[in-house]
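Trainee: Could we go through this model together, setting each label against the definition behind it?

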Amino acid sequence: MNNKSLLAGTVLCALASASWGAMFPVAHIALQKIDPVTFAFLRYLLVSMLLCGLLLAKEGRSAFRLEGRGGALTFFGTMAFTVYNMGVFMGQKLMGETGTIAAAIMEVLMPMISIVLISLKTKKLPPAYSVTSIAIALAGALLVITNGSLAFFITASEQIFPLLLIFAGVVGWVVYSMGGARFVGWSTLRYSTLTCLLGTCVSFGVIAAAILLQWMPAPSWESVVAIKYEMAFMVLLPGLVALLSWNEGIKRLTPLNGILFINLVPITTFALMAMQGYEISMFEFYGTLLVIFALIRNNHFQRKQLGYRKKQQKANRARVPSI
């Protein structure tokens, strides 16, 4: 890895993470004017259109062929652009300002969630250091969500549903991220575009069914126009730029290095909320530090284990007698 590639990867991952951190305070403003389901759908409808234009210009019409993998693409697209998108914003809306912080903290838990999902898939327990890191991260998340108040558990029935929505959304994004490994040979742009397009089609089905069944009113043109500035930001930075920057940055830095930049999400969220007048409590601050510490701790032990394996492989090769 040369210095130029390292610098580019660092900038790309930092840009993506900071954009995602800014997403939640901006969404909080928009959700005062429009329902979260319509907001989520419109966001990636516009992102899909931009991605399709980029893919067509860069790889041509042949890149839109599903190659018999439409089912998998639809599944992973649904996980990211329907489950994640709608789950996170619905939960954030229901929780109010605390939902903005909860959503940002859940983002940082993604690496820990991926460890659990891999463990369930392989039916193997994660290493002891990962189990400890997960426990620390959960303690930190709980401290942030409850704001250090035992009264939270008295009213937990009111908060558990929105928290589950946010958590389900974050799990959906982790599943989507892991799904990219199945499309070896495909460009980042092609996988991102086709999953986004198909996931947005599923989102359209959800919102259409909700309106027809009268679970929600049809959005008014006035409400859509009212969020034009927030939507422009959500589409261009956390949507298009962050999606492509993160995937490219991870390629340059490797997942082990790039994942550390996810720590910028809550930092950016807190900075913007403070600018909006929100007073960050001691419990929210130290809880966030615990979650960040857990991620860095787990990453440190992963690197240590990887280095040990490389040394063992080198030693084993050295023992092999030449013929």
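Trainee: Why is valine 202 called partly exposed?

Mentor: Valine 202 has a relative accessibility of 27%, and since buried means under 20% relative accessible area and exposed over 50%, with partly exposed in between (1.4 Å probe, protein chains only), valine 202 counts as partly exposed. The model is predicted, so local features need pLDDT of at least 70 and side-chain atom pairs pLDDT 80 or more, whereas totals for chains, interfaces and linings use all residues. Residues are numbered from 1 along each chain as its sequence is written, and side-chain values use heavy atoms, without hydrogens and water.

Trainee: Which residues does valine 202 touch?

Mentor: Leaving aside residues up to four places away in sequence, valine 202 touches Thr74, Thr78 and Thr82, where contact means heavy atoms within 4.5 Å.

Trainee: What makes the lining of the second largest pocket nonpolar?

Mentor: Its residues divide into 18 nonpolar, no polar and no charged, where Ala, Val, Leu, Ile, Met, Phe, Trp, Tyr, Cys and Pro count as nonpolar, Asp, Glu, Lys and Arg as charged, and the others, Gly among them, as polar. Met106, Leu109, Leu138, Ala141 and Phe167 lie nearest the centre of this pocket.

Trainee: Which helix gives the most to that lining?

Mentor: H6 does, with six residues; helices are DSSP runs (H or I, at least four residues), numbered from the N terminus.

Trainee: How is the lining of the largest pocket divided by class?

Mentor: That lining has 30 nonpolar, 15 polar and five charged residues.

Note on methods
1 Å grid on protein atoms, 1.4 Å probe; cavity = no way out; pocket = protein on both sides within 12 Å on 5 of 7 lines; lining within 4 Å. Helix = DSSP H or I, 4+ residues; strand = E, 2+ residues; numbered from the N terminus.
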